[in-house]
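Hello,

I am handing over a structure that is new to you. Please open it first, then read on for what was found.

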Amino acid sequence: MPFDDLLLFANAAIDEIKSDSFTQENLAKLNAVFPPTLIIAALDIIDRGNVIPYETPWGHKEYEILGSTARYSVLLDIKSAPLPYSCTCPAFIYSVLMAETHIMCKHILATLISRRLKRSPTRPASANDLAALYTRQFPLPENRAARG
Ligand SMILES: [Zn+2]
């Protein structure tokens, strides 16, 4: 299936998820688009409460995903790029952008499902909070040295 069609199909499957529950039917539709391992990994991230939405006073929404070894930042609803989302993880860069073997990484899928389920309350974030978020994800060499 061409990439754009897959994306449309994925969006339709995700939009069918209702805020009260994640059903077998939801799972079956996601299975038609995504590899089972990706879905399981995404649901695991949600179960652990590792999707943290932030919203600034000026309406910028950003999601921090706590991975087992690192934290990643997910943006959704991007309008000016070929893909409507992005993630800072290596899988997004290699499997989605470069090899084009996947339409999204597990962090983006987890964020999209979590947003439908309304599981995680949005945290208000200031400019300082966002700066702290970026510093955690992209530590400067001197920060690393200070910690180590
Ligand atoms: Zn990712």
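Predicted model: local features only at pLDDT ≥ 70, side-chain atom pairs only at ≥ 80, totals over all residues.

Start with helix α3 (residues 36-47) and helix α5 (residues 106-117). Their axes come within 8 Å and cross at roughly 55°. How do α3 and α5 lie to each other? An angle under 35 degrees would count as roughly parallel, and 65 to 115 as roughly perpendicular. The crossing angle here is roughly 55°, so α3 and α5 are oblique to each other. The crossing of α3 past α5 is right-handed.

Which residues of α3 meet α5? On the α3 side they are Leu38, Ala41, Ala42, Ile45 and Ile46. On the α5 side they are Lys106, His107, Leu109, Ala110, Ile113 and Ser114. By class, the residues of this contact are 8 nonpolar, 2 polar and 1 charged.

**The sheet**

Now turn to the strands. The model has an open sheet of 5 strands. Read across, the order is β4-β3-β2-β1-β5, and the pairing is mixed. The edge strands are β4 and β5, since each pairs on one side only. In general, strands of a sheet pair through backbone hydrogen bonds, either parallel or antiparallel.

Here is the sheet, pair by pair:

- β4 with β3: strand β4 (residues 86-87) pairs with β3 in the antiparallel sense, over 2 bridges. Val74 has Cys87 in β4 as its bridge partner.
- β3 with β2: strand β3 (residues 71-75) and strand β2 (residues 61-66) are antiparallel, over 4 bridges. They form a hairpin with 4 residues between them. Glu64 has Ser73 in β3 as its bridge partner. Tyr63 stands opposite Val74 in β3.
- β2 with β1: strand β1 (residues 51-55) pairs with β2 in the antiparallel sense, over 5 bridges. Pro53 stands opposite Tyr63 in β2. Tyr54 stands opposite Glu62 in β2.
- β1 with β5: strand β5 (residues 123-124) pairs with β1 in the parallel sense, over 2 bridges. Glu55 has Pro124 in β5 as its bridge partner.

Begin at Pro53, which stands opposite Tyr63 in β2. Tyr63 in turn stands opposite Val74 in β3. From Val74, step to its bridge partner in β4, Cys87.

Then look at the hairpin of β1 and β2. It has 5 residues between the strands. Which residue there takes a positive phi? In this hairpin Gly59 does, with a value near 90°.

**What the record says**

UniProt, in an unreviewed entry, places the feature "domain: SWIM-type" at residues 72-116. How much of residues 72-116 is helix, and how much is strand? The chain there is 44% helix and 13% strand. The end C-alpha atoms of this stretch are 20 Å apart.

**Where to look first**

Go to the crossing of α3 and α5, at roughly 55°. Then walk the sheet in the order β4-β3-β2-β1-β5.

Best wishes

Notes. Residues numbered from 1 in each chain as written. Axes fitted to C-alpha atoms, helices over the stretch in contact; angles between N-to-C directions. Parallel < 35°, antiparallel > 145°, perpendicular 65-115°, else oblique. Left-handed = near helix turned anticlockwise from the far one by under 90°. Contact = placed C-beta atoms within 7 Å. Nonpolar A, V, L, I, M, F, W, Y, C, P; charged D, E, K, R; others polar. UniProt positions renumbered as here; feature names shortened; annotations may be inferred. Pairing = 2+ DSSP bridges.
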